[in-house]
Amino acid sequence: MTTRSTLLVTTYNWPQALQAVLASVRRQATLPDEVVIADDGSREDTRELLLREARDFPTALRHVWQEDRGFRAASSRNRALAASRGDYIVMIDGDMVLHPDFVADHLALAQVGGFLQGGRIQATTAWTKRLLDGATPRFHPFVDADFHAQHGDDRHHAIHNLALARKKAESRNAGSTVMSCNLSAWRKDIVAANGFDERMEGYGSEDLELDLRLRNAGLRRRRLKFAGLAIHLMHLTRAPADPEDAAAPNNCILRKTAETGATRCELGMDRYAAEYATPPPDLRTLSPTAIPARTAGGR
């Protein structure tokens with residue numbers, strides 16, 4: 001039986017970065033069966049970009065938008081998860097430019113009873129500018145990356161080797177880093193967990209909390225190294241001064257999940273089941289007259 005895949009991409013008011021991400025999706029050796037954009041309230045220029053991209057996009061492209069009421073990544077992802085139809089969900093952020101084998105790697109290493117946590121290669125400011133200007137990303141040991149960046153991912157190379165990745169994924173050392181910017185899981189397991197906990201608003205910990213519930217349910221987190229490579233574009237962070245502040249509301253919810261061993265959240269993706277019983281339209285099917293022409297110099 002063929003595994004259908006969804007690539008879920010979060011975005012918020014950075015269409016230039018999203019365009020670079022979608023360009024890297026076009027270059028995938030194995031295309032996802034659909035790309036679902038989880039939009040946390042972007043302006044109209046993001047919608048216009050997606051309609052332009054849809055003209056010749058190589059797979060289904062869907063746009064799930066919610067009103068901008070502050071940082072609500074949990075509900076944005078939950079809407080997109082409810083709208084998705086893949087058996088296997090690969091999640092990235094809209095500032096992650098993908099290796100051509102990114103989707104293929106996640107699918108090759110997926111296993112029943114587990115989920116995959118990948119990392120990111122931090123682009124320098126100069127490399128970020130080149131990528132945003134349309135440069136094709138290159139992945140090799142000497143890329144223009146900041147391997148000392150403090151973003152929680154212990155990464156010192158940009159080497160792609162699927163055989164090494166398989167060996168690393170079987171290691172019992174799953175690492176401590178959890179980032180939903182490069183995470184994949186079986187949809188049925190995410191549904192059982194009810195997706196992200198929407199009580200968690202503002203920056204931080206919604207991915208840590210989902211990871212914990214998945215592991216509480218008996219799933220094994222497997223580390224994705226030497227595969228699933230993606231370049232993180234440089235930008236200003238919205239992180240608080242101390243993301244690990246134990247008194248922060250999101251971290252209080254995280255601690256409660258750890259204490260109770262919860263496997264499912266109450267305020268999650270099931271609240272959108274009726275709304276997305278029929279998935280949002282594939283943007284490629286919209287009338288050509290509704291789609292703006294590509295701008296000069298656009299990809």
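1. Let's start with Cys 265: its relative accessible area is 2%, so it is buried (buried means under 20% relative accessible area, exposed over 50%, partly exposed in between, with a 1.4 Å probe and protein chains only). Cys 181 counts as buried too, because its relative accessibility is 3%. A disulfide is a covalent bond between the sulfur atoms of two cysteines. The search of the whole structure turns up 0 disulfides, taking a disulfide as a pair of cysteine sulfur atoms within 2.5 Å.

2. A word on what you're looking at: this is a predicted model, where local features need pLDDT of at least 70, side-chain atom pairs count only at pLDDT 80 or more, and totals for chains, interfaces and linings use all residues. Residues are numbered from 1 along each chain as its sequence is written, and side-chain values use heavy atoms, with hydrogens and water left out.

3. Now the whole chain. It has 9 helices and 10 strands (DSSP runs numbered from the N terminus: helices are H or I, at least four residues; strands are E, at least two). Of its 299 residues, 54% are buried. The accessible surface is about 13,300 Å², and carbon and sulfur atoms account for 53% of that (Shrake-Rupley method, 1.4 Å probe; for residues, only the protein chains shown count as cover).

4. Next, find the open sheet: 7 strands in the order β3-β2-β1-β4-β8-β6-β9, with mixed pairing (strands pair if DSSP finds at least two bridges between them). At the edges sit β3 (60–65) and β9 (220–223), each pairing on one side only. On average, neighbouring strands are turned by 20° against each other, direction ignored (axes are lines fitted to C-alpha atoms, for helices over the stretch in contact; angles run from 0 to 180 degrees between N-to-C directions).

5. Zoom in on one pair: β1 (residues 5–11) and β2 (residues 34–39) run parallel, joined by 6 bridges. Here Thr 10 stands opposite Ala 38 in β2.

6. Finally, where is Thr 124? Look in the loop between β7 (121–122) and α5 (125–132). Thr 124 counts as buried because its relative accessibility is 18%. Its side chain makes a polar contact of 3.0 Å with that of Asp 144 (N or O atoms within 3.5 Å; within protein, one must be able to donate a hydrogen and the other to accept it, and residues adjacent in sequence count only if both atoms are side-chain atoms). Beyond neighbours within four places in sequence, Thr 124 is in contact with Asp 144, Ala 145, Asp 146 and Met 234 (contact: heavy atoms within 4.5 Å).
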